[in-house]
Structure formats: structure tokens, C-alpha cells
Amino acid sequence: MVLDDLGSSLRDSLGQLSGQSRVTEEDVEDIVKEIQRSLLQADVEVSLVMDLSDSIKERALEEESPAGTSARDHVLSIVYEEMVDLVGDSTEIPLENQTILLAGLQGSGKTTTSAKMAWWFAKKGLRPAIVQTDTFRPGAYDQAKEMASRAEVDFYGDPDEEDPVEIARKGLEETDEADVHIVDTAGRHALEDDLIAEIEEIERAVEPDRNLLVLDAAIGQGAKDQARQFDDSIGIDGVAITKLDGTAKGGGALTAVNETDSSIAFLGTGEEVRDIERFEPSGFISRLLGMGDLKQLTERVERAMEETQQEEEDWDPEDMLKGEFTLKDMRRQMQAMNNMGPLDQVMDMIPGMGGGLMDELPDDAMDVTQDRMRDFEVVMDSMTELELENPRAIGASQVERIARGSGKDEERVRELLEQHKMMSQTLKQFQGMGQGNMERMMKKMGGGGGGGGGMGGMGPFGD
Ligand SMILES: Nc1nc2c(ncn2[C@@H]2O[C@H](COP(=O)(O)OP(=O)(O)O)[C@@H](O)[C@H]2O)c(=O)[nH]1
Ligand SMILES: [Mg+2]
């Protein structure tokens, strides 16, 4: 994740302010140093870092903290506001007819992102189509087609046509029933003149409403030149940062945003079509400061719940937050997770779960891989209603019977029970936050962009 360790290091420095009503110049220096270190490590450009730290320093020392606000909350809110300012608003993506052109180097994630975006638009009720114009990379057509089918969206490409401009033109015609056209382009290993010429021609042919630059989170300072060149040739309206699920820091993308005077549109967090998030500055910064992103979480949860509920009409997701967590809940949870993305990412968005707390959980608490999930489902099919509702009552003889019935190892059955226990413990911590608490925080976080006023007493920074 971008600036992953900023949250924890900031927490440490801010912790030192605990109980103080005023900040000293020394305190501010310490905090700013932490921020600089994290940003530079994340490959954010030096001049950007300096600008940011100057404004934080100035404001922290000059502005009076509002009555009743601790020095810590005051500084935190300034850091938060300045960081939100640095990343800027997210690129406007209206939910209407439009054509979006994706540009970027080979391997940056364009094809994957085009399918993800199409999936995202489809979830919003629009009809998207992907037009695949990469004639450069062998296999590009098959890959794009396969991803489009996974996203269940319209697709046009032509493996026999050599002219990408021709494909683009024809693609728009052939998919004219779609509302949103996403035009995927070829890349090269490095920026070359013919790539630029090609994308300019495609641009002229499709007349996109917006051009998005797709950047791998791992890109460092190289982001600047790349962004500059694409911006000079076709104009960049927004950036999609991919592979944020990896170890990459993503700071280069912030540099690109700054260089092109654009903004971040989408974040890619995995290889599947569902692994996409709309960039949301306030939530993004809250999350990286370790405060969790309630807005994103609610959106994801709602989306997943909607889909799961189509499968199981009678299920009330709130039950999970209240009562006993049974194997039936776990099965529904696994289905919901399928629709929502990995549980650890979801957990990261819960205030108090992000940052430190997640590290304290056993690693494999969240590790329910697709294969295991499928096995678990089969195993659960061999359980009685009673066993599903009372997993604790399952003894050795039942394990043996269930294993026989499901054709899985006894080991697998025990793994499932173990997994259930861990998830149930995890959820207990979640429950501990209390419903009212959650709702209050959601209100504070909602509405986006609204400065630090709503942050007192939240998450790990709370008093
Ligand atoms: N882990 C991860 N992998 C990604 C993500 N986006 C793309 N990839 C992978 O990166 C590789 C290149 O992606 P692709 O879409 O083909 O890039 P393109 O050459 O720009 O079209 C593929 O193996 C993708 O599966 C992401 O958000 N997370
Ligand atoms: Mg591609």
C-alpha cells in the first residue's frame, strides 16, 4: 500500500504529544521528519515532499488549535488536510455515456484495468464495452477477451487486423450499444516515438472523453518523464494506479499526478476484475494514516451484500455483527468475500483494524484461498444443520463422518473448524466496537474531503 508505514510511524510521533495542549517547534520537526522519511521512501518526489512539510510545519506552529482539541488531534488534522490536498480530488468519472482511453507502458496493467473498470461501470448499472487495440503484443487479444468475459462485458478486438487505429474505429461502431467505451491500447517496454505516434492516432480516431494513464505502483521517479510525455501527446486526465496489493509504494504515481496536473481515478489491488476501487482522497488518506476507510468499506460491503443477497434472500448481514458467528455465517461470508475482495483488504478499511491491529492477528486468520474456500464449501455440504449452527459440538467421530461424506481429508475438516474459530475471534473484535460507535464514525467520515474537524476520538488516535 502507498506509504504503508507512514501510519504507524506517525502514530508513534503523535503518541508523544499525548496529553500536551501545545506543540513545540521540536515536536513539529519530529513529526515532519517522519512524514518526509516515509514519503521519500515511497518515491514521492523531493520537491513535493518539501512543499508538503513546509505547509505542515507552518500551520502546526501558527494555527491555534480549536478549543477542546488536543495538540495531537490538531496536528493530525493538519497532516490529514495537507495530505488530502497533496493527492487531490479523484478524477471525475460521470456515470454516463463516454469513451475512455487507457495509455501506459507495457505491463503497467492497462488490459487488466480496462476489464476492472468495465466491471465497475457494469456494477453501476451502465453497459460498458472494451475495445482492444493492442496489435503489438502476441496474445493481447486473447488476454483481453478472456478478461472481458470474466467481467461479463461487451468486447471488441480483431486478431487478424494489424492497424490499431482501424480496430479502434471499427470497435466503437461494433459496440455502439454500449454506454461506456473503454479503449485499451498497446504499450512498449520504454517510451518510443512509434508508441506515441500510435496512441495519438488512436486518440484522434476515438475522440475520448478522458484519457487515463495506467501506472504500476512500483514505478519510481521514472513516473515523471512518462507522465510528461503522455500528457504532452494526448493529455492525461487521470491516473489509475495498479498493483497496490504488492509491496510497491506508489509514490511515483503521486509524482505523475502532480506532473500532469491531473488526479487519481482508480486503484488496482489485485489481478481479478473485482480488485478495483474508485480513488477517494479523504478515505485513502484516512486509511494510510491508520484510521480506516469507512466510506469505502460501506460501499464494498453494500455491493457484496447486494450480490450475496440475490443468492440468499433471507440473510441479514447485520446478524453477523450481533450474534453468534456460525458456520452458516461463515459460508455466506465466504460468498460475500468472493464479491468483495480479500478479507484482509476489507479489514484494513475498518478503523482500528488497519495499521497495528491487523499485524497482531495470526497471519493465516485471513488466508482463505480460493481452493480452500471451495473445499470448505464441499465439506460444509456434508454437515448437518445442527453441526452448521453448532460447530463447537463437532467431535472426532463427526469429523470422520464429514470427511468421508465430502471426500475430503479429515485434516481439511479440522482446518475449516480452525478457520471458523479464528474468523469468529476476529469478528468479536469488530463487534467490540459496537454498532452505535460505527454509525457515529461513518457520519463523521462521510461526505468526503471535510477536513480534520471530524477526527477527534477516532480509531487508534482516539483518546
Ligand atoms: N497483483 C496485481 N497484478 C496486476 C494488477 N494489475 C495488473 N496486474 C498484472 O500485471 C500484469 C500486466 O498486466 P496487463 O493488464 O497485461 O498490462 P498491460 O500490458 O498494460 O496491458 C498481468 O500479469 C496482470 O495480471 C494489480 O492491480 N495487482
Ligand atoms: Mg495489454
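A residue is described as near a molecule if one of its heavy atoms lies within 4 Å of that molecule. This is a predicted model, in which local features need pLDDT of at least 70, side-chain atom pairs count only at pLDDT 80 or more, and totals for chains, interfaces and linings use all residues. Residues are numbered from 1 along each chain as its sequence is written, chains are lettered from A and ligands numbered from 1 in the order in which they are written, and side-chain values use heavy atoms, with hydrogens and water left out.

**Figure 1. The residues around ligand 1.** Of the 18 residues around ligand 1, those that come nearest are Gly107, Lys110, Thr111, Thr112 and Asp245. Helix H5, residues 110-123, contributes four residues to this shell, the most of any element; helices (H or I, at least four residues) and strands (E, at least two) are DSSP runs, numbered from the N terminus. The shell has eleven polar, six charged and one nonpolar residue, where Ala, Val, Leu, Ile, Met, Phe, Trp, Tyr, Cys and Pro count as nonpolar, Asp, Glu, Lys and Arg as charged, and the others, Gly among them, as polar.

**Figure 2. Atoms close to the oxygen atoms of ligand 1.** A backbone N or O atom of Gly107 lies 2.7 Å from an oxygen atom of ligand 1, and for a backbone N or O atom of Gly109 the distance is 2.9 Å. A polar side-chain atom of Glu271 lies 3.0 Å from an oxygen atom of the ligand. Taken alone, ligand 1 exposes 570 Å², of which the protein buries 82% (accessible areas come from the Shrake-Rupley method with a 1.4 Å probe).

**Figure 3. The ring cluster of Trp120, Phe121 and Phe266.** Rings of Phe, Tyr and Trp (its six-membered ring) pair if their centres lie within 6.5 Å; planes under 30 degrees apart count as stacked, over 60 as edge-to-face and the rest as tilted. Trp120 and Phe121 form an edge-to-face pair, 5.1 Å centre to centre with 80° between the planes. Trp120 counts as buried at 5% relative accessibility, and Phe121 is buried at 0% (buried means under 20% relative accessible area, exposed over 50%, partly exposed in between; 1.4 Å probe, protein chains only). The rings of Trp120 and Phe266 have centres 5.1 Å apart and planes at 80°, so this pair is edge-to-face. The pair links distant parts of the chain, with Trp120 in helix H5 and Phe266 in strand E7 (residues 264-268), 146 residues apart.

**Figure 4. Arginine residues over aromatic rings.** Arg188 lies over the face of Phe136, 3.9 Å from the ring centre. The charged end of Arg278 sits over the ring of Phe266, 5.5 Å from its centre. A charge sits over a ring if NZ of Lys or CZ of Arg is within 6 Å of the ring centre and within 35 degrees of the ring normal.

Notes
A polar contact is a pair of N or O atoms within 3.5 Å; within protein, one must be able to donate a hydrogen and the other to accept it, and residues adjacent in sequence count only if both atoms are side-chain atoms.
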